[in-house]
Every structure is written in structure tokens, then in C-alpha cells.
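Good morning, and thank you for making the time. Please look at the model as I speak.

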Amino acid sequence: MSDFFSGKVALITGAARGQGRAHAVRLASRGVNIIAVDICRDIPTMDYPNATRADLDETRDLVEAEGAKIVTGVADVADQAALKAVLDDGLAHFGRLDIAIANAGIVRYGEDEDPIATWNDIINTNLTGVWNTCFLARQPMIDGGRGGSIVITSSSAGLKGTGTHKTGAQAYTASKRGIVGLMQVLALDLAPHNIRVNTIHPTGVASGMTMNDALAKMVESGSPEIMAMQNALPVQILQPEDIADAVEWLVSDKAQYVTGITLPVDAGFTVR
């Protein structure tokens with residue numbers, strides 16, 4: 001697979017930690033150069049901390065340790081102009097774009113002090129931010145004439161909802177399900193250009209989004225939402241590298257005829 005990947009360029013959002021970092025490091029190890037984006041600041045409606053600039057710098061160091069080149073930038077994916085500025089910087093450095101991984105996403109676990117703000121922030125990041133990423137990646141991939149691959153990080157919640165009155169979980173599920181419809185439209189739109197578009201649907205993955213005080217409090221309280229979120233296989237939580245395994249396959253020549261699919265990497269959550 002290294003010959004296939006060598007010299008390609010990937011745009012990855014939410015790249016400062018967790019799944020985004022794992023994708024960046026994995027693809028870098030295969031010879032892919034990286035354009036890494038993260039917001040690097042907290043969002044008031046979230047009840048856990050976001051990644052920091054230091055986290056993004058660590059991703060940069062890990063990618064460079066694999067022998068790949070990387071351009072990093074701080075941008076909110078909900079801000080198309082800011083995201084475009086980072087992508088334009090990467091295109092100026094590398095001159096091409098072959099892969100886009102729309103990975104950035106947020107959630108709120110606890111009760112909502114301002115449900116409207118919570119809803120808007122989650123939808124803006126998880127759905128509008130994905131649309132912004134795909135919209136900006138579309139033309140450089142078409143112009144390259146080499147085809148390409150877009151992978152959108154959805155969630156097991158994008159396939160199977162769990163009952164809750166909390167706005168954060170409702171918005172998260174709605175956004176992750178909306179991503180599927182967007183993916184299907186884009187897969188059809190871009191197929192004539194040999195650009196493939198797919199969603200990936202992880203169960204819980206060890207990251208800043210899951211390893212924090214807000215989620216720990218829900219677990220300790222025996223929250224019904226947490227009790228409902230159990231995997232079929234005997235594993236409580238996956239590692240980011242487990243998802244990187246699947247993403248690496250989706251963007252590779254091994255999946256050259258795979259487009260428009262929803263790929264669960266969920267330890268059987270959706271069939272439980």
C-alpha cells in the first residue's frame with residue numbers, strides 16, 4: 001500500500017488528538033503528507049475541554065517522526081473562511097489534495113444551560129463543519145484529476161439512536177445521522193470524478209471526547225443513556241488506532257470501488 005499512498009496529501013480536521021491524530025500518524029507512516037486542522041480552543045456550550053495548540057504541535061511532531069511533511073492550522077470547521085485559509089496554505093505547500101477526513105466533532109454530556117446554543121454549536125460543528133470540509137476539498141480533488149477519497153467520521157449514533165431528553169445528545173445524533181445523507185449525495189455527485197465518499201461509525205473511542213470528567217460523572221451516576229450504550233463484543237472502548245485501521249483501508253486502493261457506504265467499527269453496538 002505504501003506505493004499507492006506515497007506523495008499523496010490528506011486534509012484532516014480535528015487532528016490535534018484522538019482519532020484525527022491517529023489518522024494523521026497512520027497515513028504519514030504510509031508516505032502521505034498531512035494538512036492538519038483543529039480549533040484549539042474550548043467551546044462554552046461543551047462540558048469538556050477541547051484540544052490545545054500544544055496538542056496540535058504534538059501531532060505535527062508525530063507526523064514528522066514518520067518522515068512525512070505536515071502543515072498545521074488553527075480553524076473552527078464551522079467557519080468556512082478560516083478553514084479555507086488553512087487548506088489554501090496546505091495546497092500552496094503541497095500542490096495537491098487526494099484525501100479528506102472530516103473528523104472534527106463535539107458533544108455535550110450534561111444538562112443544558114442554554115439548549116438553543118448547545119444545539120446550534122453541535123450542528124454547526126458536526127454537520128455544517130463537515131459540509132464545509134467536503135465543499136472545500138471537492139474542487140482541488142477534481143482539479144487534480146487523480147480521483148480521491150473522502151471519509152466522514154459519523155458515529156454509532158448515526159445508525160442507532162438512544163433515548164434521551166438532553167439537547168446535546170439529541171443534536172449529536174441528529175448531526176451524525178445527517179452526515180449519512182450528505183455522504184450519499186456527495187458519493188453520487190463525485191463518482192464521475194472517481195472520488196469516493198464514505199462514512200465511518202465508531203462506537204466509543206478513547207479520546208478527549210470520552211476521557212473527561214463530564215462523561216465520568218455520567219458513568220458514576222448510572223445514567224440510563226450510558227447503560228444503553230453497550231457494545232455486543234466484550235470491549236468497553238476502542239482505541240483511535242482501531243478506527244485508523246478502517247480509515248486506512250477506506251482511503252486505499254484496496255477499497256477503490258467502495259463508495260457511498262456506512263462502515264460501522266462499533267464492536268457490535270448497532271446490532272445489540
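Let us begin with strand E1 (residues 9-13), which pairs with E2 in the parallel sense over five bridges. Within that pairing, Ala10 stands opposite Ile34 in E2. Two strands are said to pair if DSSP finds at least two bridges between them. Helices (H or I, at least four residues) and strands (E, at least two) are DSSP runs, numbered from the N terminus.

A word on the source: this is a predicted model, in which local features need pLDDT of at least 70 and side-chain atom pairs count only at pLDDT 80 or more, while totals for chains, interfaces and linings use all residues. Residues are numbered from 1 along each chain as its sequence is written, and side-chain values use heavy atoms, with hydrogens and water left out.

In what order do the seven strands of the open sheet lie? The order is E3-E2-E1-E4-E5-E6-E7, and the pairing is parallel. E3 and strand E7 (262-265) form the edges, each pairing on one side only. From one strand to the next, the twist averages 15°. For angles, axes are lines fitted to C-alpha atoms, for helices over the stretch in contact, and values run from 0 to 180 degrees between N-to-C directions.

I turn now to strand E5 (residues 148-153). Six of its six residues are buried, where buried means under 20% relative accessible area, exposed over 50%, and partly exposed in between (1.4 Å probe, protein chains only). Both faces are covered, with Gly148, Ile150 and Ile152 on one side and Ser149, Val151 and Thr153 on the other.

Strand E4 (residues 99-102) runs parallel to E5 and is joined to E5 by four bridges; here Ala102 stands opposite Ile152. The chain passes from E4 through helix H5 (residues 115-144) to E5 in a right-handed β-α-β crossover. By right-handed I mean that, with the strands pointing away from the viewer, the path from the first strand over the helix to the second runs clockwise.

E5 also pairs with strand E6 (residues 195-202), in the parallel sense, over six bridges. The bridge partner of Ile150 in E6 is Val197. From E5 the chain crosses through helix H6 (residues 167-190) to E6, and this β-α-β crossover is right-handed.

Next, the helices against the sheet. H5 lies across E1, E4, E5 and E6, at about 175° to E5. H2 lies across E1, E2, E4, E5 and E6, running at about 170° to E1.

Within H6 we find Ala171. Is this residue buried or exposed? Ala171 counts as buried because its relative accessibility is 0%. Leaving aside neighbours within four places in sequence, Ala171 is in contact (heavy atoms within 4.5 Å) with Trp119, Ile122 and Ile123. The C-alpha atoms of Ala171 and Asn120 are separated by 8.2 Å, although the two residues are 51 apart along the chain.

Finally, helix H3 (residues 53-65). Leu56, Thr59 and Val63 are buried in H3. Seen down the axis, the buried residues fall within an arc of 50°, taken from the directions from the helix axis to the C-beta atoms, so they line one face of the helix. These buried residues pack against helix H2 (18-29), strand E2 (33-38) and strand E3 (70-74). The face turned away from them carries the exposed residues Ala54 and Ala65. Just after H3, Gly67 takes a positive phi of about 90°.
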